[in-house]
Structure formats: C-alpha cells, structure tokens
Amino acid sequence: MNNLHAQADQNSRQQLTVAAIEAKTRRDLSWKEISEPTGLSVAFVTAALLGQHPLPADAARTVADLLGLDDDAVLLLQTVPMRGSIVGNGGIPTDPTIYRFYEMLQVYGTTLKALVHEEFGDGIISAINFKLDVKKVADPEGGERAVITLDGKYLPTKPF
C-alpha cells in the first residue's frame with residue numbers, strides 16, 4: 001500500500017475486531033502467539049487488532065494469514081483507525097477491568113499530572129510515541145501483582 005488511509009468511523013474496524021477475536025479463539029492462539037511472527041510488541045499488535053492502531057503491511061499480512069482473515073482484512077488492518085475504546089455511559093467504562101484503570105486515573109490522575117509537570121515542565125506524555133508492557137509478578141504477601149509500564153515520550157508545550 002503506497003498511501004496511508006484513514007477511517008471515518010469505528011464500525012468497520014469493530015467488525016474486524018470481532019472477526020479477529022473469533023478467529024483467535026477458534027485457533028486457540030494467545031495475543032503473544034499472534035504478535036511474535038510480526039516482530040512487533042504484543043501490546044501494539046493487540047491494540048491494532050482491537051482497532052486502535054494500523055499495522056505495517058507485512059505485519060497485517062502475517063496476522064491475517066495466522067488468523068485466516070481475507071485480503072480486505074489485510075487492507076483494513078493498515079488503515080489509521082478512529083481511536084478510542086470507551087463509548088457510551090458518559091465516557092465511564094462499564095467493563096470492570098477497564099473501569100479499574102478509570103478509577104486509578106480518578107484517584108491518581110492529578111498526582112500524575114503534578115509530578116509530570118514538576119519533573120518535566122508544561123507538556124504532555126505522548127500516547128503515540130509510546131510503549132506499553134504488562135507483567136505478572138509474585139506478590140511477597142501472597143498471590144500475584146500486575147506491573148504495568150506506560151512509557152511515553154514527553155512533548156513540551158511550545159509558545160507560538
């Protein structure tokens with residue numbers, strides 16, 4: 001594909017997400033197994049298949065072949081999606097796992113903002129130039145803990 005194309009709504013990408021998840025389930029594949037042959041991170045490929053990123057052409061073909069998706073899916077996986085996964089209910093997520101992240105930002109959002117600005121100045125942390133990692137580690141008090149690393153490029157505000 002020579003030109004980068006963008007989507008105007010989320011419908012076609014949502015339909016592709018449903019098809020990809022159904023294929024993943026039927027073939028009993030993990031997100032890691034799907035992402036490994038692409039050479040991209042499991043977080044990026046998962047986000048792409050969930051409709052949040054375009055995939056490079058070779059990765060789109062690899063993933064589609066692995067999942068048994070057609071050429072239209074390969075093309076759609078390469079388009080820039082309408083991003084955002086929280087819909088309805090006034091922007092408050094209803095899925096319990098996603099809601100806990102929302103809750104974390106409700107509790108610690110102002111703290112994160114204050115600490116980022118104190119450390120870096122006025123600006124933002126990019127969600128585009130970004131890395132995400134999720135790890136499961138043993139909890140010394142028993143059970144397991146989730147370690148989530150959000151690694152975004154700092155972009156300072158520039159007066160104009």
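Trainee: What makes the contact between the side chains of E144 and K136 a salt bridge?

Mentor: In this predicted model, their N to O distance is 3.8 Å. The cut-off is within 4 Å, so the E144 and K136 pair counts as a salt bridge. Both residues are exposed.

Trainee: How do you know that D139 and R145 meet in a salt bridge?

Mentor: The N to O distance for D139 and R145 is 3.3 Å, and the limit is within 4 Å. The pair therefore meets the rule.

Trainee: Why is D139 called buried?

Mentor: D139 has a relative accessible area of 15%. Buried means under 20%, so D139 is classed as buried. Elsewhere, salt bridges that share partners join R61, D65 and D71 into one network.

Trainee: Why are D65 and R61 called partly exposed?

Mentor: D65 has a relative accessible area of 48% and R61 has 32%. Exposed means over 50% and buried under 20%, so both values fall in between.

Trainee: How do you know whether A64 is buried or exposed?

Mentor: A64, also in helix α4, has a relative accessible area of 0%. That is under 20%, so A64 is buried. Leaving aside neighbours within four places in sequence, A64 is in contact with L69 and V74.

Terms used:
Residues are numbered from 1 along each chain as its sequence is written. This is a predicted model: local features need pLDDT of at least 70, side-chain atom pairs count only at pLDDT 80 or more; totals for chains, interfaces and linings use all residues. Side-chain values use heavy atoms; hydrogens and water are left out. Helices (H or I, at least four residues) and strands (E, at least two) are DSSP runs, numbered from the N terminus. Buried means under 20% relative accessible area, exposed over 50%, partly exposed in between (1.4 Å probe, protein chains only). Contact means heavy atoms within 4.5 Å.
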